[in-house]
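Here is a short report on one protein model.

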Amino acid sequence: MTASTPATSPHVMNTYGRVPIALQRGQGCRVWDVNGKEYLDALGGIAVNTLGHNHAKLVPALQHQLTQLIHTSNYYHVPLQEQLAQLLVERSGMSNVFFCNSGLEANEAALKIARKFGHDQGIEKPEVVVYEKAFHGRSIATLSATGNPKVQAGFGPLVEGFIRVPQNDIEALRRATEGNPNVVAVFFETIQGEGGVNPMRIEYLQQLRKLCDERGWLMMIDEVQCGMGRTGKWFAHQWANIVPDVMPLAKGLGSGVPVGAVVAGPKAANVLQPGNHGTTFGGNPLAMRAGLETIRIMEEDGLLQNAASVGAHLQAALRSALGSLSGVKEVRGQGLMIGVELDKPCGALVGRAAEAGLLISVTAESVIRIVPPLILTTAEADEIVARLTPLVQALLAE
Ligand SMILES: *Cc1c(COP(=O)(O)O)cnc(C)c1O
């Protein structure tokens, strides 16, 4: 292939403003473009590439799986589904799993569970509490649950049955639901990802768990981005010592192979019955193998511990390099899910960082998001800071 900057394709639908590079191969936390230029990957395919690229244990396992079965449909038992469900159940303290292919699909299933949970009790117009700045996906139902007008614009009429409240304000939640018998669930991300790396406070999560128990609501936690070890625990809500009733997963679960899951606890596990929900691809043997191997390798290689310790190191290093600059509002996050909020839009940093050999993203216009593979080393963390710092300084000086 000749050295080139890829042009916008006339045939790929124009849904993304893309960085003008084309990546060709990867190894660990590094990727190379078609011109041979090297990048440090601090984005991990948007919190997806848990094990980085071309992992020496994952790739042979997936190659082996290709020689066995890729897909069979859910008309038959899929033993690998049963195995992955068991691993997720053990690590979450929940009880049953439905497999699908993506984050929005997992959230869509969660919303169906919430509605049927209501209908099963005679509630004909069930309502779900959702949050300002939330992101739950791009389907009609999940974009309606999303708290971002830009995601919703042009796609009305939105799905009804959502009540929106601010993060970390239990009184606001009480007021918004006061005397409303139709509320069936509260649905939120432990740490909002697309909304700008905004964590729910631990005491709020605990108050919420109590309120859900008192009112008979399902606590549904979208851990699509913050789950699967990213924060240093299997699931981010575990920092608050709570267990949800429904937990959608996706992104990091398959280390890049598309896979989603809805994990349910006893209150929600039997809501969906044969005929209520389904998927052609969901839970196929290739995706299940990817999930199984991801969890097995994460444990073998101590990646929860790595995410916690390298994440703490990275956050401290970012704070000492950037924290005192007047245009930096906050460095926040947990483990390897970190946001650096500036006092002005910083989307331009994404392209400039790529030029400087660093892959990052910007969410909520002014938040630099760092969600690298969980295999990141301390040296690589320092390299992220070294490459990012002059770019932020320059941007703030403009
Ligand atoms: C990415 C994301 C989704 C949507 O996942 P897709 O696989 O893109 O459909 C949903 N919820 C959260 C919290 C996410 O970060």
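The sulfur of cysteine 212 lies 16 Å from the closest cysteine sulfur, in cysteine 226, so the two are too far apart for a bond. A disulfide here means a pair of cysteine sulfur atoms within 2.5 Å. The structure holds zero of them. Cysteine 212 is buried, at a relative accessible area of 0%. Cysteine 346 is also counted as buried, at 1%. Buried means under 20% relative accessible area (1.4 Å probe, protein chains only).

This is a predicted model: local features need pLDDT of at least 70, side-chain atom pairs count only at pLDDT 80 or more, and totals for chains, interfaces and linings use all residues. Residues are numbered from 1 along each chain as its sequence is written, and side-chain values use heavy atoms, without hydrogens and water.

Next, the cores. A nonpolar core is a set of buried Ala, Val, Leu, Ile, Met, Phe, Trp, Tyr and Cys residues joined through side-chain atoms within 4.5 Å. The largest has 61 residues; Leu88, Leu314, Leu318 and Ile368 touch the most other members. Domain 1 (23–55 + 302–397) and domain 2 (69–300) both give residues to this core, so it lies between them. These bounds come from an automatic or database domain assignment. A second, separate core has 24 residues, including Ile123 and Phe187.

Now the ligand. Its polar contacts are pairs of N or O atoms within 3.5 Å.

| Residue | Part of residue | Ligand atom | Distance |
|---|---|---|---|
| Phenylalanine 135 | backbone N or O | nitrogen | 3.3 Å |
| Aspartate 222 | polar side-chain atom | nitrogen | 2.8 Å |
| Glutamine 225 | side-chain N or O | oxygen | 2.7 Å |

Taken alone, the ligand exposes 380 Å², and the protein buries 81% of that. Accessible areas come from the Shrake-Rupley method with a 1.4 Å probe; for residues, only the protein chains shown count as cover.

Note on methods
Buried < 20%, exposed > 50% of the residue type's maximum accessible area, 1.4 Å probe, protein only. Polar contact = N/O pair within 3.5 Å; in protein donor to acceptor, adjacent residues only side chain to side chain.
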